[in-house]
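Trainee: I would like to learn how to read a model like this one, feature by feature. Where do we start?

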2 protein chains.
Amino acid sequence: MAVGPGTLPEFFPVAGVRLGIASAGIKKPGRKDLVVFELAEGSRVAGIFTTNQFCAAPVTVARQHLAEAAPRYLLINTGNANAGTGEQGLNDALRCCSALSGEVGVAAAEVLPFSTGVIGESLPVDKLVAAMPAALADLSAGNWAQAAAGIMTTDTRPKGASRQVKVGDQVIAISGISKGAGMIRPNMATMLGFVATDANIEPGLLQTLVAELGDQSFNRITIDSDTSTNDACMLVATGQNGGELITTDSPCLPPFRAALADVFMELAHAIVRDGEGATKFVTLDVSEAASQDEALAVAYTVAHSPLVKTALYASDPNWGRILAAVGRAGVEGMDLNAIEIWLGDVCLVRNGGRADDYSEERGQAVMDREEITIGISLKRGAVRERVWTCDFSHDYVTINAEYRT
Amino acid sequence: MAVGPGTLPEFFPVAGVRLGIASAGIKKPGRKDLVVFELAEGSRVAGIFTTNQFCAAPVTVARQHLAEAAPRYLLINTGNANAGTGEQGLNDALRCCSALSGEVGVAAAEVLPFSTGVIGESLPVDKLVAAMPAALADLSAGNWAQAAAGIMTTDTRPKGASRQVKVGDQVIAISGISKGAGMIRPNMATMLGFVATDANIEPGLLQTLVAELGDQSFNRITIDSDTSTNDACMLVATGQNGGELITTDSPCLPPFRAALADVFMELAHAIVRDGEGATKFVTLDVSEAASQDEALAVAYTVAHSPLVKTALYASDPNWGRILAAVGRAGVEGMDLNAIEIWLGDVCLVRNGGRADDYSEERGQAVMDREEITIGISLKRGAVRERVWTCDFSHDYVTINAEYRT
């Protein structure tokens with residue numbers, strides 16, 4: 001199950017980026033499970049990574065390499081997360097980087113590794129290395145859709161977003177792909193997002209953009225509250241579009257930033273829409289909070305409540321469960337008589353109880369939709385935060401009870 | 001589904017406590033949904049209540065009445081929580097107290113109301129009032145098992161515990177009942193626990209006992225992380241056993257306290273064993289933590305992880321999910337290379353990865369059991385905390401997707 005059409009966009013090629021896909025047979029023979037990004041010399045890369053304390057070996061290595069050198073290759077495998085694999089896992093990630101660097105003649109530190117899949121099993125390095133020549137032979141600027149499919153695990157469909165922005169006399173392409181359907185509550189980024197542009201972006205600004213836009217998109221989605229060990233989101237700027245350097249003061253920054261924000265948000269939402277077992281796409285819109293912390297506490301408490309999520313699955317406007325979740329969010333001194341809870345444009349709760357003009361019919365009409373906004377107004381301040389999630393269905397249990405078997 | 005035999009004990013009658021059960025037809029005609037506790041004059045009552053900011057009307061009224069007078073009656077209904085019902089809900093709870101007090105000739109403040117069931121619907125006061133005479137006519141010291149059944153909602157079986165302690169020349173009876181199967185993550189108590197003893201307990205000590213023992217039992221269980229609006233746990237001491245006053249310095253306090261702690265723990269565990277859709281009873285045993293806060297953060301993060309809970313349902317020793325949950329618990333500076341994770345007596349994780357002597361066969365053997373302990377040793381200090389939970393099954397989704405229909 002998944003919410004919305006979920007078709008891939010037409011991708012604008014990004015000058016300076018080529019993608020190659022191959023089958024290493026990591027988990028299933030014949031499955032495309034290896035993706036290589038080749039980045040033109042001079043490309044700049046910024047990234048954000050999981051905050052899980054037990055981050056996977058490739059996350060550790062990618063962080064180190066990013067600090068040491070300008071990346072020329074991103075190497076991504078599915079089917080095995082290389083997480084919880086100790087010292088051996090670090091060696092395995094490094095061996096993969098070395099093998100690819102040997103094939104193409106760059107330093108090992110110019111390769112960033114990314115892995116996703118089962119935790120705790122050794123990475124089958126030999127299989128990956130054997131498939132690298134095929135991935136390199138496949139390199140093409142037109143392979144975005146194939147790469148989106150090549151990084152899928154329990155995803156039911158590939159995820160991508162693309163924009164072309166004309167600013168002044170330069171034309172900027174932005175394309176990105178993402179994956180993820182379970183173990184999703186990114187806490188710096190999601191597993192995995194790759195966005196590239198051919199614009200020429202000042203390095204400090206690039207890091208600011210990935211951090212800020214990642215925070216507003218990937219860091220605002222949750223499927224099951226389980227922050228992965230392998231989350232990463234990378235933003236590449238190749239500078240190959242021939243345009244001038246974009247800095248904090250550039251007049252072209254605002255439109256570029258807006259397009260980039262769109263791409264981030266679309267990729268993040270695509271993950272929620274394809275959440276394991278998802279039948280609903282749900283926006284938690286918390287407003288009039290006294291602080292960002294309390295707005296997010298309320299939004300996430302509701303978004304993670306198994307009772308709210310199963311009611312959403314049942315299309316049941318069970319507002320008592322929403323109310324109870326708001327009440328246990330850990331925000332001191334909330335006034336039940338002041339707050340309002342809305343389901344779309346229907347007010348559920350006002351003056352401490354069910355809104356006078358509420359009827360089950362009106363609530364049901366909103367609940368029956370595939371895309372639902374739960375609005376919660378705390379009447380304590382002016383802060384607004386939104387978080388996106390999905391419902392909790394039989395299929396979520398089936399998928400996760402049967403994942404390894 | 002439920003875990004373990006779950007048979008009720010033989011209840012020791014508690015001198016000074018009589019229980020009456022009746023059918024008010026609140027949700028289903030003919031269902032026993034009204035329970036009255038009659039407490040002998042001179043009984044002392046202490047209680048703990050939900051920390052949900054939006055506590056239900058009966059919780060507010062029970063707190064007030066407890067502060068104003070020595071309770072003589074506990075009035076409990078199922079089928080309607082009288083929560084999210086605003087000013088009207090408070091009036092309804094008070095009307096019930098007044099009606100019962102009128103029947104028996106005590107002050108309204110000597111009645112404590114408790115409600116459990118659907119949130120957000122008006123309490124059918126007239127139905128409750130009409131059933132009160134039948135409940136009062138039913139009053140008997142031998143009705144503990146019937147009362148345990150009378151407070152059930154989505155529970156599949158009644159829950160009770162009983163002990164008799166001989167200390168010096170006095171004999172003390174302790175009996176208790178509890179209910180709850182969903183919306184369970186008590187944060188001061190659970191919905192609902194009632195424990196009574198015929199011992200004569202000094203009032204300050206009684207409050208200390210309910211707070212401390214409630215904290216170690218009801219406050220250490222979680223089914224779905226959803227703290228109810230109606231949680232309450234009451235401890236009654238009638239002083240009718242003819243024994244001397246028990247104070248902090250009494251030599252009979254330690255054995256009495258131990259028996260009372262057993263009753264609390266048994267009642268709390270009974271709720272987990274009957275968790276909605278539960279097929280496993282799971283102990284999270286976090287040891288060698290640097291603080292209670294971090295031990296509980298780790299224990300609850302694992303206990304609430306939908307991925308861990310669905311793996312438990314599948315009897316899948318998927319230790320990577322446990323590892324990932326520990327890593328996202330918000331404890332800074334954990335050393336993955338130091339920690340150990342155990343499944344029963346089988347070590348899963350050591351030295352940053354899968355333990356050398358681990359095999360799927362050994363992990364599977366533990367996972368196949370109905371009662372499972374997940375041990376997590378953080379190697380940071382000397383604090384140990386335990387939390388009890390259950391798995392997450394198809395039936396949980398079914399029960400909660402269909403609760404109101």
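Mentor: Start with burial: a residue is called buried when its relative accessible area is under 20%. Keep in mind that this is a predicted model.

Trainee: How many residues of strand β4 of chain B are buried?

Mentor: Strand β4 (residues 73-80) of chain B is mostly covered, with 8 of its 8 residues buried. Strand β2 (residues 34-39) of chain B is joined to β4(B) by 5 bridges, and the two run antiparallel. One pair to look at is B:Glu38, whose bridge partner in β4(B) is B:Tyr73.

Trainee: Which residues of β11(B) point one way, and which the other way?

Mentor: B:Ala232, B:Met234 and B:Val236 point one way, while B:Cys233, B:Leu235 and B:Ala237 point the other way; all are buried.

Trainee: Now the sheets. In what order do the 7 strands of the open sheet in chain A come?

Mentor: To read a sheet, look for strands that share at least two bridges. In chain A the order is β10-β18-β13-β17-β14-β15-β16, and the pairing is mixed. The edge strands are β10 (221-222) and β16 (353-354) of chain A, each pairing on one side only. Helix α7 (residues 292-304) of chain A packs on this sheet and touches β10, β13 (281-289), β17 (371-377) and β18 (383-390) of chain A. The direction of α7(A) makes about 20 degrees with that of β18(A). At the β16(A) end, 2 bridges join that strand to the antiparallel strand β15 (residues 346-350) of chain A, and A:Val349 stands opposite A:Arg354.

Trainee: Over how many bridges do strands β14 and β15 of chain B pair?

Mentor: Strand β14 (residues 340-343) and strand β15 (residues 346-350) of chain B pair in the antiparallel sense over 3 bridges. There B:Trp342 stands opposite B:Cys347.

Trainee: Which residues have the most contacts inside the largest nonpolar core?

Mentor: Such a core is a set of buried nonpolar residues joined through their side chains. The largest one has 57 residues, and those with the most contacts inside it are A:Leu323, A:Val326, A:Ile341, A:Ile376 and A:Leu378. Among the elements of chain A that each supply at least two residues are α8 (306-313), α9 (319-327) and α10 (360-367). The largest share, 7 residues, comes from α7(A). Leaving aside residues up to four places away in sequence, A:Ile341 touches A:Leu323, A:Val326 and A:Ile376, among others.

Trainee: Last, what rotation superposes chain B on chain A?

Mentor: Two copies of a chain are related by a rotation about an axis and a shift along it. In this model the rotation is 180 degrees, with 0.0 Å of shift along its axis and an RMSD of 0.0 Å. The two copies are therefore related as by a two-fold rotation axis. The same surface serves both copies, since 100% of the contact residues of chain B recur in chain A. Of the residues of chain B, B:His394 comes closest to the axis, its C-alpha lying at 2.8 Å.

Key. Residues are numbered from 1 along each chain as its sequence is written. Chains are lettered from A and ligands numbered from 1 in the order in which they are written. This is a predicted model: local features need pLDDT of at least 70, side-chain atom pairs count only at pLDDT 80 or more; totals for chains, interfaces and linings use all residues. Side-chain values use heavy atoms; hydrogens and water are left out. Copies are superposed by least squares on the C-alpha atoms of residues with pLDDT of at least 70 in both. Contact means heavy atoms within 4.5 Å. Helices (H or I, at least four residues) and strands (E, at least two) are DSSP runs, numbered from the N terminus. Axes are lines fitted to C-alpha atoms, for helices over the stretch in contact, and angles run from 0 to 180 degrees between N-to-C directions. A nonpolar core is a set of buried Ala, Val, Leu, Ile, Met, Phe, Trp, Tyr and Cys residues joined through side-chain atoms within 4.5 Å. Buried means under 20% relative accessible area, exposed over 50%, partly exposed in between (1.4 Å probe, protein chains only).
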